[in-house]
Amino acid sequence: MVSLSDGEWKIMNQLWERESTITELKNELGGETGWDKHIVITMLSRMEKKGAVAHRDGGRAKIFYPLVTREEVSMHETRGFLQKVYQGSLGMMVNAMVEDQALSKEEIQELYGILDQARKSRAGYSETRDERGE
């Protein structure tokens, strides 16, 4: 799985929305980043070597498209962050957020919903495995 720099995330977010040419990417990101065409070309080349993007000929310009999904890269990056910062402990991360009072009431409710769904999902998975004798 690929890891992306902050700049590569910007490009990938555009490509996940729609396939683009170098000029389109420069026009979309130039105002925010100040990147010129050569920077975009360099970054796309690096991303092709990583296996994050590919291109096809589109007449006058190459059309770039993602080879990985947002979900795949997000999960990889999240696992890496969790491992690097919290030694892989999701509990430590949530506790740090709670202690910092960084979670709103709405976010806490959202977490309860996510955990409840995970519990139900796991219970269903366990029941299915038990029925097969695993």
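This is a predicted model: local features need pLDDT of at least 70, side-chain atom pairs count only at pLDDT 80 or more; totals for chains, interfaces and linings use all residues.

Visitor: Start with the pair. At what angle do the axes of H1 and H4 cross?
Guide: At roughly 150°. H1 is residues 6-17, H4 is residues 70-86, and their axes come within 11 Å. An angle over 145° counts as roughly antiparallel, so H1 and H4 are roughly antiparallel to each other.

Visitor: Which residues make the contact?
Guide: From H1, Trp9, Asn13, Trp16 and Glu17. From H4, Arg70, Val73, Ser74 and Glu77.

Visitor: And how do they divide by type?
Guide: The residues of the H1 contact with H4 are three nonpolar, two polar and three charged.

Visitor: Switching to H2. Which of its residues are buried?
Guide: Ile22, Leu25, Leu29 and Gly30. Down the axis of H2, these buried residues fall within an arc of 130°, so they line one face of the helix.

Visitor: What covers them?
Guide: The cover for the buried residues of H2 includes H1, helix H3 (37-50) and strand S2 (61-66).

Visitor: Which exposed residues are on the face turned away?
Guide: Asn27 and Gly31 are carried there.

Visitor: What phi does glycine 34 take?
Guide: A positive one, about 80°, just after H2.

Definitions and conventions: Residues are numbered from 1 along each chain as its sequence is written. Side-chain values use heavy atoms; hydrogens and water are left out. Axes are lines fitted to C-alpha atoms, for helices over the stretch in contact, and angles run from 0 to 180 degrees between N-to-C directions. Helices (H or I, at least four residues) and strands (E, at least two) are DSSP runs, numbered from the N terminus. Angles under 35 degrees count as roughly parallel, over 145 as roughly antiparallel, 65 to 115 as roughly perpendicular and the rest as oblique. Contact means heavy atoms within 4.5 Å. Ala, Val, Leu, Ile, Met, Phe, Trp, Tyr, Cys and Pro count as nonpolar, Asp, Glu, Lys and Arg as charged, and the others, Gly among them, as polar. Buried means under 20% relative accessible area, exposed over 50%, partly exposed in between (1.4 Å probe, protein chains only). The arc is that of the directions from the helix axis to the C-beta atoms.
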